[in-house]
Structures are given as structure tokens and as C-alpha cells.
Amino acid sequence: MLAIDWANAGVKAAQLILSLSLIVIVHEFGHFLPAKFFKCRVEKFYLFFDPWFSLVKKKIGDTVYGIGWLPLGGYVKISGMVDESMDKEQMNQPPQPWEFRSKPAWQRLIIMLGGVTMNVLLAFFIYAMILYTWGQKKVPLGSLAYGVSVQDSLMYNIGFRNGDKILSVNGKEVAYFDDLPEKILMGGGGTVDVIRDGVHQTIDLPTALIGKLVERKKNSSVLFLPRVPVIADLVPDTSKAYKAGLRHLDLITAVEGIATPFYEEYKKAIDAHKGQQVTLTIERKGVVDTLHAYVSTDGTLGFYRLFDPETMDSLGFIRIEKTQYGFFASFPAGTQLAVDKLRSYIGQFKKILSPKTEAYKGVGGFKAMGSIFPPMWDWQSFWTITAFFSIALAFMNILPIPALDGGHVLFTVLEMITGRKPSQKLLEYAQVVGMVILLALMIYVNGNDWFGWGKTR
């Protein structure tokens, strides 16, 4: 507990709560609107669940609006509907005109699809506004002047090497560096074509690639970075490197006369001189110079090397494609982006359902969701993650599992096809079974988050 950075954890938690609150309110509003339109009585509209008591509540008309204390979602309670409230007393009474069960099947179907529809529309809108406000930046994979730098030891063990120029995954060209990690992870069991030292090579990806990454419990999700020379980015004025004369954008070309064209050579040379003074050969604005710097016992000089994409672009190591969108042009582009994200999420879902990929080991709950957010508040990241959560919630909710919207939709569609309405008892039993399944899944994914239940011991 003492090792937790509570400031960062607090910022992540605040972003997660705000994000999920927005998504839940919009989702429930999607049920509320058509229910009111079709003259159903809505008894409750709640953010979070309220067993035993509410934090806030106020009755307006027939509806009690409130905030519960259990942050596991939210709900609208529509009169005459079998839902998580399991209000059997009401259901045993004769149907009333204002009740959900009294409405035609097509109206009930629209009400049940309303939440998912609103989540999809929310994702479309957020992605459109992200593109309108910040535009889109992508790095063409072919623009990496020196190929990739392998950041993950598993990638190295599989066969990737620093300087590899990646061409395709499973025979499909990877156009952008931004898409590379996902293409690699989703390509488990396939092959990757690379150019290494001018020679074409093929790397085999293990089927259980995702599972292997999870097993290693690696905190960082970075698999590759653009490979660039050793260039100082931030040099604190209190560091030994600064006192030795190292400055922003200095290029370190040699350590003790040993050429260091890239980080791996630099790191090896520095590690050989821990706790010693070394002579650095640097290049500054085309002028070569030498500096004498002290290497700490942990093998550092006290500066941060170049990682900033914009600076890399300005120096010609990569090329950033920037696309700006007008207000109206942002909507079709945002819709396409949402569709791409949904397609990606469905692909990930299929991986989880396939035992041979071992992707199930990486499923997580609220802790995993919170960890996606940056430790400092950033609106672009917040809205990007919120849009993805919204589209993911829409997909999960439409699955034909009792207690989810998809379960209600399934029974309603069957009724419309057969002309026979499911019995009240069947709907109640299905609701209970669905709630047990969802509770078990919630316990598992959150337990896997904290205790690694799905991992091999």
C-alpha cells in the first residue's frame, strides 16, 4: 500500500469515475427517452446502484432521480419490466396501460435498444469532436529512418531485432507505426515479414503471444519505439551531465572512443564504466566536441534521451502525417474511427474466447480500466478512452445474455417471430441466471486484476 503513488492513482480514479458516469447516464437516458415517448412510467433513473440507501435522490413527477453508493453502473426502473430490481409483487398484479409489459413488442424492442444506440452515438460524437479539435496524427511505418527499437524482451526472444523494418503481419501491410502493437498482438500464430540489414526475414509469432505477455506481468505495454540515435532531450541543470556541458539535442556519437550510433551501443559502453568518468564525443549543430562526464553507479549520466515524436519528426527520423478536420468533415471521419475501434474490440473479444491464445489471462476489471488513463489529467486522452469505453459497453450490452439489454432484445425478437410472449416465470428465471453469470464474471475479472487468478502459478 505504501508503494502506491496515491496522487497518480487518485487522478486515474477520478478520470475513470467521470468517464463511466457519463457513459452510464447516456446509456440509461437511451432507455428513458423512448420509454417516456411510448408513455411507460419510469419509476427510477439512477447513476450507480442504491441497495438500502441513496446518496442523493429527488422525485420529479413519477420518476425518482438519484445517485446510489455502489458504483457498478446505473439503471432506469420501468414499470412492468422484469429487471435487476426483481419486483415480483408488481409483476403479479394485472398489467396496467403505463407498464412496459403492456406495450407492443416493437415498442419494447426500441426501448431496450435505446441504451446501446445512445452509447454508439456518443462514441461517434466524441470521436468526431476529437478529430475536429485536435486532428489526427499518425506515423507511417515506412518513414522510420532506422527501423524499430525493440523495447520488450519477449519481442526480442521471438526474433525481433533493433533496426528491423517491419513490412507486414500475416501477409497484410502495416501502414502506420501507431497500429503496429495491435497488429502484432492480434497476429498471434501468424508471421511477421521484416527487412533486416537489407535482407528479407520472416518471424513466427506464438499463438499464445498475449498470454505470454500477461504471464510476465510486465507493467509497460510498449513493445517497440522508433529507433533513433542517442540524443539528449531533457538535461536537468542540477545533473552531472549538465555540469559536464551536455545540452538539449546534443548527439552522443562515442563513449571512450567507442562508437555509439544507437542506444544499445551507448548503454553497453556506459555500463562498462559505472562509477567512473568517461569521455563523450558529441555533435552540436554540426560541430564535434568532447565532454568529460561522470557515470553513476547505476549506469546513468543524468539526462533523458529523445522520445518526443514532434522532435523526431523535425530531425527527420520519422514523419508525422497530420490531418485536420472541419466541423462537418469530422462526423464521417469520427464514425469511421468508431467503427474501426469496434472492429478491433470484437477481434480482441474473439481472442479472449479462444483458449489457445491465453488472452483470457489478461482480462481485467476496474483496476485495468483505470490504468489506461494517464497519471496527469489530459482531455484528449480522457475523451479518446471514454469514446472507446462507450463503444465497448455498447457491444458488451448487446450480447444475448439474460440481464443484459441483449438478453431482453433476444426474447423480444423471438416473440415477434413466433407471435408468442415468453412467460413471466421464464423471464424471471432468465434474469436471475443472467445476474448470477454477470456477478461471477465481475468477481473473476476484478479478482484477476488484483490477484492474477487467470495466470499460471
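Tutor: In what follows, Ala, Val, Leu, Ile, Met, Phe, Trp, Tyr, Cys and Pro count as nonpolar, Asp, Glu, Lys and Arg as charged, and the others, Gly among them, as polar. The model is predicted, so local features need pLDDT of at least 70 and side-chain atom pairs pLDDT 80 or more, while totals for chains, interfaces and linings use all residues. Residues are numbered from 1 along each chain as its sequence is written, and side-chain values use heavy atoms, without hydrogens and water.

Student: Which helix gives the most to the lining of the largest cavity?

Tutor: This cavity, with a volume of about 250 Å³, is lined by 21 residues, those having an atom within 4 Å of a point. Helices here are DSSP runs of H or I with at least four residues, and strands are runs of E with at least two, numbered from the N terminus. Helix 3 (105-134), helix 13 (405-418) and helix 14 (424-451) each supply at least two lining residues. With five residues, the largest contribution comes from helix 13.

Student: How many residues lining the second largest cavity are charged?

Tutor: The second largest cavity holds about 80 Å³ of space, and its lining includes Arg-227, Glu-264 and Arg-305. Strand 11 (224-226) and helix 8 (263-271) each supply at least two of its lining residues. By class, the lining has seven nonpolar and two polar residues, and the number of charged ones is three.

Student: Which residue of strand 4 is the bridge partner of Phe-49?

Tutor: Two strands pair if DSSP finds at least two bridges between them, and four strands form an open, mixed sheet in the order 2-3-1-4. Its edge strands, each pairing on one side only, are strand 2 (56-60) and strand 4 (70-78). Strand 1 (residues 42-49) pairs with strand 4 in the antiparallel sense over six bridges. Within strand 4, the partner of Phe-49 is Leu-70.

Student: How far apart are the end C-alpha atoms of helix 1?

Tutor: The expected span of a helix is 1.5 Å times one less than its number of residues. Helix 1 (residues 6-37) has 32 residues and should therefore span 46 Å, which agrees with the distance between its end C-alpha atoms, 46 Å.

Key. On a 1 Å grid over the protein atoms alone, a cavity is a set of points where a 1.4 Å probe fits but cannot get out, and a pocket is an open set with protein on both sides within 12 Å along at least five of seven lines; lining residues have an atom within 4 Å of a point. Grid points are joined across faces, edges and corners, and a volume is the space filled by probe spheres set on the points.
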